[in-house]
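Subject: Structure handover

Hello,

Here is the structure you were going to look over. My notes on what turned up in it follow below.

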Amino acid sequence: MTNPDTGPLRFLQRTFIGCALALLFTIGACTSQVQDIQFETRSLHSLPAQIEMKSTASDVIFEVFSKSGIGRASITKAYGSWPAKTIIHLRLNNLEDFTFTAADRIFQIDELEIRSGIDQNGKYFDVCLARKAFSDADSIFFSWVDYYR
């Protein structure tokens with residue numbers, strides 16, 4: 001009689017599980033560069049969000065796609081200075097809460113400039129961050145909650 005825990009099928013199962021766990025821990029992380037600045041974005045929630053970076057000569061936009069409607073992320077500056085304006089572009093139905101943390105300073109939703117709109121991809125919220133609020137920070141952290149999650 002053979003042991004059900006051995007053999008090629010069990011090996012494939014363990015390999016698949018290991019690869020899936022490795023992917024889970026790295027999903028949502030990417031490195032992007034704007035002129036002389038390099039960023040690493042990372043989703044820090046158990047239900048990861050996708051974060052894409054877009055830039056102009058003086059601004060950077062981090063577009064957040066969150067299927068669950070709730071999440072937390074970080075952006076780390078590898079080198080260089082933060083751009084003049086950083087925008088967190090949230091693809092959500094409604095923004096119930098947003099918190100921004102940098103260099104031991106915490107900003108709540110009512111302390112931030114937030115604009116909303118609708119485009120061809122649906123509803124969005126832009127959180128506009130002035131460089132002076134976090135220029136000395138290497139990393140920034142933010143969390144969001146969609147009212148209709």
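Asp146 sits in strand β11, which covers residues 139-146. Please keep in mind throughout that this is a predicted model.

Is Asp146 buried or exposed? Its relative accessible area is 5%, and the cut-off for buried is under 20%, so Asp146 counts as buried. One goes to the backbone nitrogen of Asn93, at 3.1 Å. The other goes to the backbone nitrogen of Asn94, at 3.2 Å. If neighbours within four places in sequence are set aside, the residues in contact with Asp146 are Gly69, Leu92, Asn93, Asn94 and Glu96.

**Aromatic pairs**

How many aromatic pairs does the structure hold? There are five. One of them is formed by Phe98 and Phe142, a stacked pair with 6.0 Å from centre to centre and 20° between the planes. Phe98 belongs to strand β7 (residues 95-102) and Phe142 to strand β11, so this pair ties together parts that lie 44 residues apart in sequence. Phe98 and Phe142 are both buried.

Phe142 also pairs with Trp144. That pair is tilted, with 5.8 Å between the centres and 35° between the planes. Trp144 is buried, as is Phe142.

Elsewhere, ring pairs link four residues into a cluster: Trp82, Phe100, Phe107 and Phe134.

**The five-strand sheet**

An open sheet is formed by five strands, in the order β3-β4-β6-β10-β9, with mixed pairing. Which strands stand at the edges? They are β3 (50-55) and β9 (113-119). Each has a single partner strand, and therefore one side of each has no neighbour in the sheet. On average, neighbouring strands of this sheet are turned by 25° against each other, with direction ignored.

As background, strands of a sheet pair through backbone hydrogen bonds, and the pairing can be parallel or antiparallel.

- β3 and β4 run antiparallel and are joined by six bridges. The two strands form a hairpin, with three residues between them. Within this pairing, Glu52 has Glu63 in β4 as its bridge partner.
- β4 (residues 59-65) and β6 (residues 85-91) run parallel and are joined by seven bridges. Val64 has Leu90 in β6 as its bridge partner, and Phe65 stands opposite Arg91 in β6.

**Ala130**

How far apart are Ala130 and Pro83 in sequence and in space? They are 47 residues apart in sequence, and their C-alpha atoms are 8.9 Å apart in space.

**To check on your side**

When you open the model, two places go with the notes above. One is the side chain of Asp146, with the backbone nitrogens of Asn93 and Asn94. The other is Phe142, which pairs with Phe98 and with Trp144.

Regards

Terms used. Residues are numbered from 1 along each chain as its sequence is written. This is a predicted model: local features need pLDDT of at least 70, side-chain atom pairs count only at pLDDT 80 or more; totals for chains, interfaces and linings use all residues. Side-chain values use heavy atoms; hydrogens and water are left out. Helices (H or I, at least four residues) and strands (E, at least two) are DSSP runs, numbered from the N terminus. Buried means under 20% relative accessible area, exposed over 50%, partly exposed in between (1.4 Å probe, protein chains only). A polar contact is a pair of N or O atoms within 3.5 Å; within protein, one must be able to donate a hydrogen and the other to accept it, and residues adjacent in sequence count only if both atoms are side-chain atoms. Contact means heavy atoms within 4.5 Å. Rings of Phe, Tyr and Trp (its six-membered ring) pair if their centres lie within 6.5 Å; planes under 30 degrees apart count as stacked, over 60 as edge-to-face and the rest as tilted. Two strands pair if DSSP finds at least two bridges between them. Axes are lines fitted to C-alpha atoms, for helices over the stretch in contact, and angles run from 0 to 180 degrees between N-to-C directions.
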